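Please look through the sequence and the model below before reading on. The briefing that follows takes up the ligand and its surroundings, and then a few individual residues.

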Amino acid sequence: MNIILLGPPGAGKGTQASHLVKTRDMIQLSTGDMLREARSSGTDMGKKVAAIMDAGELVTDDIVIGLIREKLEGNKQGGFIFDGFPRTLTQADALEELLNEVGEKLDAVIALAVNDEVLVDRIVGRAAEAVAAGGVARADDNEESLKIRLMEYYKKTNALIGYYHAKGNLVWVDGLAPIEEVQSNIAKALD
Ligand code: AP5
């Protein structure tokens, strides 16, 4: 089964993807994690995207499509959770083609329903927790970058809701419920 977790920053995509990896042996493909890895290893691409990510803007389609292509070509057995990808209609079309090329298809798009006020609390809370634990907060986990991240979501990503609804793949799950409840509602949707 191949699924997309769709939702704005802080909706819980990464949290739910990790649970699905543990419980269903699926493969999490998070473009945010891939881009952060490229940054920390100092690749040319990583250097190129750093400022864009910190500002909360979207990285170009060709870069993220290239990252996903590489992963799909290296893991042809499926069971993918797309976390934070696609984020534009161009990325959505590219995903369909890439899945076709490796003989896979998309089974469901889980859209996490949340509201902006909760997202601010979650993101600011995550930054505070990282610092309290002696670590470093994500450079884009602050109110200023979050505003841009949300704008980018509504301008460029929200159109995917209609797109996947029309394709018959979309399932809404309440992302405001406690984490365990979201997990069990996603499990019900997938089963
Ligand atoms: P990315 O890493 O994908 O960040 P994001 O979409 O902004 O998502 P987050 O990781 O912040 O949130 P999440 O939904 O995963 O929530 P989480 O589970 O962590 O992207 C970062 C940047 O990379 C982008 O801005 C862009 O620049 C670039 N990028 C990435 N992909 C791209 C693409 N495809 N195209 C172009 N650019 C791209 O949870 C957040 C917090 O809430 C946690 O503390 C968690 O514990 C808590 N929480 C989660 N669920 C609940 C719940 N139900 N109740 C209470 N708390 C909860």
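A polar contact here is a pair of N or O atoms within 3.5 Å; within protein, one must be able to donate a hydrogen and the other to accept it, and residues adjacent in sequence count only if both atoms are side-chain atoms. This is a predicted model, in which local features need pLDDT of at least 70 and side-chain atom pairs count only at pLDDT 80 or more, while totals for chains, interfaces and linings use all residues. Residues are numbered from 1 along each chain as its sequence is written, and side-chain values use heavy atoms, with hydrogens and water left out.

**Contacts of the ligand**

- A nitrogen atom of the ligand is 3.4 Å from an N or O atom in the side chain of Arg122.
- The protein covers 88% of the 1,000 Å² of accessible area that the ligand has on its own, as given by the Shrake-Rupley method with a 1.4 Å probe.
- A polar side-chain atom of Thr31 lies 2.8 Å from a ligand nitrogen, and a backbone N or O atom of Gly84 lies 2.9 Å from a nitrogen atom of the ligand.

**The shell around the ligand**

- There are 32 residues around the ligand, and Thr15, Glu57, Arg87, Arg126 and Arg149 come nearest; a residue is counted as near if one of its heavy atoms lies within 4 Å.
- Helices H1 (13-24), H2 (31-40), H6 (116-132) and H9 (179-190) each supply at least two residues of this shell, where helices are DSSP runs (H or I, at least four residues) and strands are runs of E of at least two, numbered from the N terminus.
- Helix H2 gives the most to the shell, with 4 residues.

**Buried and exposed residues**

- Gln183 is placed in helix H9, and it counts as buried because its relative accessibility is 17%, the cut-offs being under 20% for buried, over 50% for exposed and partly exposed in between (1.4 Å probe, protein chains only).
- Glu152, found in helix H7 (residues 143-157), is buried with a relative accessible area of 6%, and a polar atom of its side chain lies 2.7 Å from the backbone nitrogen of Leu58.
- Asp25 lies in the loop between H1 and strand S2 (27-30) and is exposed, with a relative accessible area of 70%.

**Backbone details**

- Phi of Asp25 is near 60°, a positive value in a residue other than glycine.
- The peptide bond from Phe85 to Pro86 is cis, with omega near 0°, and Pro86 is placed in the loop between strand S3 (80-83) and helix H5 (89-101).
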